[in-house]
Every structure is written in C-alpha cells, then in structure tokens.
Amino acid sequence: KKLLPPERIALLDSLGFIWDPFTEQWEEAFAALSEFRKREGHCLVRQNLKFNGINLGSWVGAQRAKRHKLSSAQAKRLESIGFTWDPLTGQWEEAFSALKEFRKREGHCLVKQKFKVNGISLGSWVSRLRVRKNLLKPEQVKRLNTIGFSWDPLAEQWEKAFKVLQIYHSKEGHCIVPNDLELNGQKIGAWCRNQRHQSRSKLTADQVRRLKSFGFSWDPRAEQWEKTFEVLRKFRRLEGHCRVAQGRIFDGLDLGTWVSSQRAKKNQLTPEQKRRLDSLGFIWKAA
C-alpha cells in the first residue's frame with residue numbers, strides 16, 4: 001500500500017477495498033457477537049454455533065486462544081460486552097443459565113441424569129456440582145443456593161416425605177399407612193414400604209431414630225396381628241371361648257373374618273403365633 005500512488009489508493013477505496021482483511025473479519029465477527037449478546041444476554045457461545053453466517057463459536061474460542069495477540073483495544077471491546085476469557089468459567093455460566101431456566105420452568109433444580117437442553121448435558125453437570133461442591137468458588141455456591149439448588153436430592157426428598165408422614169400420624173394416631181395412599185402429592189404408602197424394605201439398611205441412624213420417635217411401624221403386618229390377637233384375647237375373656245362368628249365385628253375390628261383367615265393360613269403362621277392362639281383355646285377347625 002505504501003508503494004501505491006494516492007490516486008490508485010483512492011480508486012481502490014472507492015470500490016470498498018479491504019486493506020486489512022483480518023481486522024475486517026474481526027470487526028464482522030465482533031458485530032455478530034454483539035448482536036448475539038443483545039439477543040441472548042450473554043457471550044457464552046457454543047463451540048459449533050453459527051450466527052449471522054459466521055462460525056461464531058469457533059471465533060470466540062480463537063479469541064481466547066490468541067488473547068495475547070489481540071490489541072488492547074480489541075480486548076477492552078470484548079470485555080465491555082461481558083466476554084469471558086476462561087472457557088471453563090464460560091461453560092459454567094452457560095450451564096448455570098440453563099439451570100435457572102429449568103428452575104423457572106419446572107419449579108425445582110432436580111434435573112434427571114441424562115437431561116440435555118440446548119446442547120448442554122445439564123443433568124450430568126448438576127451431578128458433578130454435588131460431587132465437587134468443595135471445589136466450587138464460594139460465589140458459585142451462593143448463586144446456586146439462591147435458586148434453591150438441591151445438594152442432596154435424596155435427603156431432601158426423604159425430608160419431604162417424612163413431613164407428610166408426620167401429618168398422617170397426627171391425624172390417624174399411627175404410622176400404618178395403606179400401600180396406595182397419596183397425601184399432599186406424596187405417595188406416602190409406597191414411601192413407607194420402601195423405608196421398611198429397600199431403604200432401611202441405607203437409612204442414617206438419625207433417620208431411624210426420628211421414625212421410631214413417633215411409632216413408625218417396621219412390620220405393619222406383625223403389628224396388625226398383635227392388635228387383633230389382643231382383641232381376640234378380650235373376646236375370650238368376655239365370652240369364654242374363641243368361636244367367633246363369621247363377619248362378627250368386635251371392638252371395631254372384623255374379628256370373625258380374622259379368625260377364619262388364621263384357620264385358612266395356619267401353615268403360614270409362625271410357631272409362636274400358633275402357640276399363643278392355642279393358649280387361648282383357639283379352635284382350628286370350625287364346626
């Protein structure tokens with residue numbers, strides 16, 4: 001250019017000649033990034049994103065890689081629109097924005113493991129946050145807490161169900177919950193069954209103590225048997241025998257049906273249960 005006479009430079013300028021194609025391309029990409037930020041509210045561009053005909057994701061990555069080659073003016077202009085130089089921080093911010101949108105839409109932060117949105121593996125990211133909580137910056141932890149992030153979803157779900165069980169206990173006076181009962185949107189019957197069988201070995205000592213504190217039933221069938229046996233004992237004391245008529249209601253229980261069922265499933269009773277029934281003069285064969 002320095003060797004060209006002024007009139008030739010003027011002629012080239014009149015055609016819109018590009019004297020510095022790299023600067024021109026940079027300006028074009030920067031304008032696209034500015035437009036992207038205006039529309040999306042951030043500069044967190046995915047690696048393979050094309051925007052306004054420009055491979056904007058690749059260009060953003062290149063700016064980070066060659067930061068030391070950019071002019072101070074270019075670096076300042078990028079920073080002025082919220083550009084982040086740390087790709088890991090950028091990815092974190094991108095995922096956090098996706099989580100906020102999920103929270104706004106679903107009302108919680110309990111993201112399923114394989115859930116993806118806008119190319120982000122949000123479920124996996126959320127799981128990593130829980131595992132690596134001690135490695136997060138205090139500011140990141142604080143921001144996650146402000147949107148109600150669940151650091152231990154299993155424990156939180158347990159607490160939610162436990163509160164519903166407390167409500168049931170306050171109404172009914174016991175914790176023998178029907179298997180199919182739902183209360184306050186919680187399948188509390190299924191949850192109780194799970195505590196007795198699948199989860200009991202996994203419960204903490206404090207959880208076991210809290211369940212026991214208001215009479216949680218670890219074996220409701222055995223407890224129901226004991227309750228009905230005591231009613232039969234009372235019947236025996238009052239009537240002098242255990243010949244309870246089919247369908248007889250006594251002390252609020254269908255004692256006649258229970259007596260018939262003991263006869264029918266004699267082989268399924270424990271030796272101790274049979275011994276105790278025999279001690280009352282129980283009649284195994286109805287007349």
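**Helix packing, buried faces and loop residues**

Asn52 is located in the loop that runs between helix 2 and helix 3 (56–65). The model described here is predicted. Although Asn52 is not a glycine, its phi is positive, at about 55°. Asn52 is exposed, and its relative accessible area is 56%.

A positive phi of about 55° is also found at Asp251, again a residue that is not a glycine. Asp251 belongs to the loop between strand 1 (249–250) and strand 2 (253–254). With a relative accessible area of 48%, Asp251 is partly exposed, because the exposed class begins over 50%.

Leaving aside residues up to four places away in sequence, Thr84 touches Leu44, Arg64, Thr89 and Gly90.

Two helix pairs were examined for their packing. Two packed helices are described by the angle between their axes and by the distance between the axes. For helix 2 (residues 21–40) and helix 4 (residues 72–80), the axes come within 11 Å and cross at roughly 15°. Helix 2 is therefore roughly parallel to helix 4, since angles under 35 degrees fall in that class. The crossing of helix 2 and helix 4 is left-handed. On the side of helix 2, the contact involves Trp26, Glu27, Phe30 and Leu33, which meet Gln74, Arg77 and Leu78 of helix 4. By residue class, this contact of helix 2 with helix 4 comprises 4 nonpolar, 1 polar and 2 charged residues.

The second pair consists of helix 8 (residues 153–172) and helix 9 (residues 188–196), which pack at an angle of about 110° with their axes 10 Å apart. This angle makes helix 8 roughly perpendicular to helix 9, because the perpendicular class spans 65 to 115 degrees. The crossing of helix 8 and helix 9 is left-handed. Helix 8 contributes Trp158, Ala161, Phe162, Val164 and Leu165 to the contact, and helix 9 contributes Ile188, Trp191, Cys192 and Gln195. The residues in the contact of helix 8 with helix 9 are 8 nonpolar and 1 polar, with no charged residue.

An α-helix has 3.6 residues a turn, so residues three or four places apart point the same way. In helix 6 (residues 122–131), the buried residues are Leu122, Gly123, Trp125, Val126 and Leu129. Viewed down the axis of helix 6, these buried residues fall within an arc of 165°, so they line one face of the helix.

In helix 13 (residues 271–279), the buried residues are Gln273, Arg276 and Leu277. These residues cover an arc of only 100° around the axis, which puts them on the same side of helix 13. Pro271 and Ser279, on the other side of helix 13, are exposed. The buried residues of helix 13 are covered by elements including helix 11 (220–239) and helix 12 (255–264). After helix 13 comes Gly281, which has a positive phi near 80°.

Methods:
Residues numbered from 1 in each chain as written. Predicted model: local features only at pLDDT ≥ 70, side-chain atom pairs only at ≥ 80, totals over all residues. Heavy atoms only, no water. Axes fitted to C-alpha atoms, helices over the stretch in contact; angles between N-to-C directions. Helix = DSSP H or I, 4+ residues; strand = E, 2+ residues; numbered from the N terminus. Parallel < 35°, antiparallel > 145°, perpendicular 65-115°, else oblique. Left-handed = near helix turned anticlockwise from the far one by under 90°. Contact = heavy atoms within 4.5 Å. Nonpolar A, V, L, I, M, F, W, Y, C, P; charged D, E, K, R; others polar. Buried < 20%, exposed > 50% of the residue type's maximum accessible area, 1.4 Å probe, protein only. Arc of directions from axis to C-beta.
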